[in-house]
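Please keep the sequence and the structure in view while reading.

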Amino acid sequence: MKVRILGFEWITSKGITVSEFCNYLESISGREFSKRVIAVTKKDGFWVGILLSIKDMKAYCEMRDEKGGFSISPKELDRSTHIADFNFFIIHPETGRGLYQHYHNSPAINTFCFFNKQRYDELKSKIIENEWRGSGSGDEEKKLAIMKNYEGSLRYSLPMTEKDFQQCVSGLKKINHIVYEYSYFTEQERLFSPVGTYAKRMTHKVVFPKSKKVLTPQFLNDIKDAITEMIPNLKGARLKGVDPEGHEAVYKLINDYDPFAEFDYEDVIRTVKIDSTNLLKSICDAYFIDKMIEISRQPEVKAILSVKTK
Amino acid sequence: MRLLKLIIILIFSASLWAILYFANNHTIFHFYADKMRTPLFTGFLTLGGFLLSLKTFILVKLKEDLYDLPSYKKRVLERKKLNPNLTLYGPLTRLGTFLIYCVLLSLITAVLQFSFGFLESDFAASICLALSVTTISVIFIAWWQIRVSINEWFLILKESETEDAEQ
């Protein structure tokens, strides 16, 4: 089994920066949310962390090869033992772009981002509540005015390669829109002026109707086919839809390069050692976090993670 | 570059069409000969000479103080990972060429006022006036581009100042 390094991008709403959100995640490190535990800390200029997912099952099946065939037998787990999935990640504090380590059957990057979107909304509610109480006014209008300052939620997208993008498109239950990006992560040389602080992006947005009458399964398949056909001609694309689990999914295609790495699961799992009593230190010392920071320093990956866009 | 050429041709054609539209029985020629020819000649001759001397200064200053800045070179090197065709001095070279054309256009406009401009015809007067409008527009574009470069230079200086303060 392969462990793959995928990319993601968080775009925070008004009033809350990526660093403020990561500070909040650090403060809730180790707390359990629906059988998931997140822990975040700072290391080498990045926010680094782990998402632990605890599985409910108390037994699993073991397949043993035997002469001329195989046998399957159940294996019971101890009362105090659980099966857990681990997903390390790192986030660039300024751009909100990061790397996520994923292997088959562990939470998909979309699930990871959705989990964080829920935490983000919690933080937003807390900030609004504190500001409202701090103002000393019980006026609902005042609360609405404060809420306006924090409008929106955590948006996320997943930069991915052509192959992954095609797989994701074919698995979508619904497609809301696709945005073609002609110059995403690309610096076009200007005619007379120097290279600017920000890279520009030009986009074309195609929105599909939400009505079930129009968006029939046949029409959805036609859209998927058309998108799959278009992919080789696109430099980049951003697609919003609903994944098979019913979560909102945003995928981002990068055709220019494949910056992400792959490892053998067995090699990775041998290096994992997490101690709940000293969770943040365990993450800082984790071999795989060092590996991900090393990947983030590769020139192509560094350019993706650190380039500022408006 | 093609778009820029198209814009310049468009400005020239539009102004020529607009002036010719109002031409009626040598009215444009008389207005041009009495009021515009001499000021346009002296104006564009001065502007051409001024631009010629200023051009080298602008380019040298931009090269030394912006394009040769280590932080700018680092930025270009980083962006080259996204677009390998990016060049360090490309925009400056093109700006230099553009300024040369600005000077040339100013001098041509000045010379035209005292050669072609003497033909007693509305069309000749319109050509001279339209070229004046075009040259002024081109110089405005050049001024705008220099402004963008200077703004970028100040932004880099500001960034370096912030970085120094943080260290």
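The notes below cover the contact between the chains, then the salt bridges, then the confidence values.

The model is predicted. Chain B meets chain A through 26 of its own residues and 20 residues of chain A. There are 0 salt bridges between chain B and chain A, while the count over all chains comes to 15.

**Interface between chain B and chain A**

- About 2,100 Å² is buried between chain B and chain A, and carbon and sulfur atoms give 59% of that area.
- On the chain B side, the residues that lose the most area to chain A are B:R79, B:K81 and B:L82, which together make up 34% of what that side buries.
- Four helices of chain B, α2 (27-67), α3 (70-79), α4 (90-113) and α5 (122-166), each supply at least two residues of the side that touches chain A.
- The most comes from α5(B), with 6 residues on the side of chain B that touches chain A.
- Sorted by class, the side of chain B that touches chain A holds 13 nonpolar, 6 polar and 7 charged residues.

- Side chains of opposite charge can pair when their charged atoms come close.
- One such pair is A:K14 and A:E151, whose side chains form a salt bridge at 3.9 Å, N to O.
- A:K14 sits in the loop between β1 (2-11) and α1 (18-27) of chain A, and A:E151 in the loop between α3 (140-149) and β9 (155-160) of chain A, so this pair ties together parts that are 137 residues apart in sequence.
- A:K14 is partly exposed, at a relative accessible area of 46%.
- A:E151 also counts as partly exposed, with 46% relative accessibility.

**Salt bridges on strands of chain A**

- A:K75 and A:E62 form a salt bridge in which the closest N and O atoms are 4.0 Å apart.
- This pair links distant parts of the chain, with A:K75 in strand β6 (residues 69-76) and A:E62 in strand β5 (residues 59-66) of chain A, 13 residues apart.
- A:K75 has a relative accessible area of 32% and is partly exposed.
- A:E62 is partly exposed too, with a relative accessible area of 25%.
- Both residues belong to a network of salt bridges that links A:E62, A:R64 and A:K75.

**Salt bridge within chain B**

- B:K63 is joined to B:D68 by a salt bridge, and their closest N and O atoms are 2.6 Å apart.
- B:K63 counts as partly exposed, at 34% relative accessibility.
- B:D68 is likewise partly exposed, at 22% relative accessibility.

**Confidence**

- The mean pLDDT of chain B is 88, and 99% of the residues of chain B reach 70 or more.
- Among the elements of chain B, the lowest mean pLDDT belongs to α3(B), at 84, and the highest to α4(B), at 93.
- Both α3 and α4 of chain B are among the helices that supply residues to the side touching chain A.
- For the complex, the predictor gives an ipTM of 0.71 and a pTM of 0.56.

Terms used
Residues numbered from 1 in each chain as written. Chains lettered and ligands numbered in written order. Predicted model: local features only at pLDDT ≥ 70, side-chain atom pairs only at ≥ 80, totals over all residues. Heavy atoms only, no water. Contact = heavy atoms within 4.5 Å. Buried area = accessible area lost by both parts, 1.4 Å probe. Nonpolar A, V, L, I, M, F, W, Y, C, P; charged D, E, K, R; others polar. Buried < 20%, exposed > 50% of the residue type's maximum accessible area, 1.4 Å probe, protein only. pLDDT = per-residue confidence, 0-100.
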